[in-house]
Amino acid sequence: MRLTHADPARWPVAPGWAPEVGAFFASPRGQALTHFLRQRLQQGATIYPPEPLRALALTPPEAVRVVILGQDPYHGPGQAEGLAFSVAPGVPFPPSLRNIFVERQRDLGLQPPLSGSLRPWAQQGVLLLNTCLTVEDGKPASHAGQGWEALTDAIIARVAGQPTPTAFLLWGAHAQKKAALVGGQHRVFMANHPSPLSARRGPVPFIGCGHFGLVNQWLAGQGRPAIDW
């Protein structure tokens, strides 16, 4: 459950994302990131997740209905699985994910699931994208600013440029900085980050935001199927 190589050609993505991914890794920024990852692996760093582009493999651009933005992957052993806020099956829920399920239960009356993997959301068109896609063990934000943000901004811009309206769930100040990339035909929902430090605080507490139900109401208003949260 750790990164074993820094060869982007071995990180599968859905075909629709290939232009953005290919252009990024061919660019000086992408090549510098690849060099950085190889160097850190050679130096013995433990890097998560094993598949940095997994969100782009599970959710093709033409299937995206909702985007949830995270910051960077979980930095504990066995936690990160390449989807924002999601953990591998069998892993205890981190505090932010626990609060996501608390709000889901408050909003929709759904009991917490047995698994913290959000893969079922991804397979329904929820793009679970972190703005930085790798991290080192025990070192949050350790790969921030190394280049991933150029790729993930391009992914956000690609979704925002598509004609079909998309719901963007921007939880916390970091995600909300990306609102400038989102055009007017889309729907943006904002709240505090689900972290215990901010989930119940103002200006818009995450607990009580009602985003799960609001997204489904918005989708229904367009004649589109709801997300099975």
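**First stop: two helices side by side**

Select α1 and α6: their axes come within 10 Å and cross at roughly 155 degrees. (Axes here are lines fitted to C-alpha atoms, for helices over the stretch in contact, and angles run from 0 to 180 degrees between N-to-C directions.) The two helices, α1 and α6, are therefore roughly antiparallel to each other; angles under 35 degrees count as roughly parallel, over 145 as roughly antiparallel, 65 to 115 as roughly perpendicular and the rest as oblique. Helices (H or I, at least four residues) and strands (E, at least two) are DSSP runs, numbered from the N terminus.

Before going on, a word on what you are looking at: this is a predicted model, where local features need pLDDT of at least 70 and side-chain atom pairs count only at pLDDT 80 or more, while totals for chains, interfaces and linings use all residues. Residues are numbered from 1 along each chain as its sequence is written, and side-chain values use heavy atoms, with hydrogens and water left out.

Now show side chains. Which residues of α1 meet α6? They are Glu 20, Val 21, Phe 24 and Phe 25, and across from them in α6 sit Trp 148, Ala 150, Leu 151, Ala 154, Ile 155 and Arg 158. Contact means heavy atoms within 4.5 Å.

**Look down α1**

Keep α1 (residues 18–26) selected and color its buried residues: Glu 20, Val 21, Phe 24 and Phe 25. Buried means under 20% relative accessible area, exposed over 50%, partly exposed in between (1.4 Å probe, protein chains only). Turn the view to look along the axis of α1: the buried residues fall within an arc of 115 degrees, so they line one face of the helix. That arc is taken from the directions from the helix axis to the C-beta atoms. On the face turned away from the buried side of α1, pick out the exposed Pro 19 and Ala 26.

**Over to α2**

Select α1 with α2. The pair packs at an angle of about 75 degrees, with axes 4 Å apart, and α1 and α2 are therefore roughly perpendicular to each other. From α1, Phe 24, Phe 25 and Ala 26 meet residues of α2, among them Pro 28, Arg 29 and Leu 33.

Next, check some peptide bonds. Tyr 48 to Pro 49 is cis, with omega near -5 degrees; look for Pro 49 in the loop between β1 (47–48) and α3. Gly 202 to Pro 203 is cis as well, with omega near 5 degrees, and Pro 203 lies in the loop between β6 (187–191) and α8 (211–221).

Then jump to Phe 85, in the loop between β2 (66–70) and α4 (95–108). Its phi is near 70 degrees, a positive value in a residue other than glycine. Is Phe 85 buried or exposed? Phe 85 is buried, with a relative accessible area of 9%.

Ala 141 also has a positive phi, about 65 degrees, without being a glycine. Find Ala 141 in the loop between β4 (135–136) and α6; Ala 141 is partly exposed, at a relative accessible area of 36%.

**Last stop: α8**

Select α8 and color its buried residues, including His 211, Phe 212, Val 215 and Trp 218. The buried residues of α8 pack against β2, α4, α5 (119–122), β5 (167–171) and β6. Just after α8, click on Gly 223, where phi is positive at about 75 degrees.
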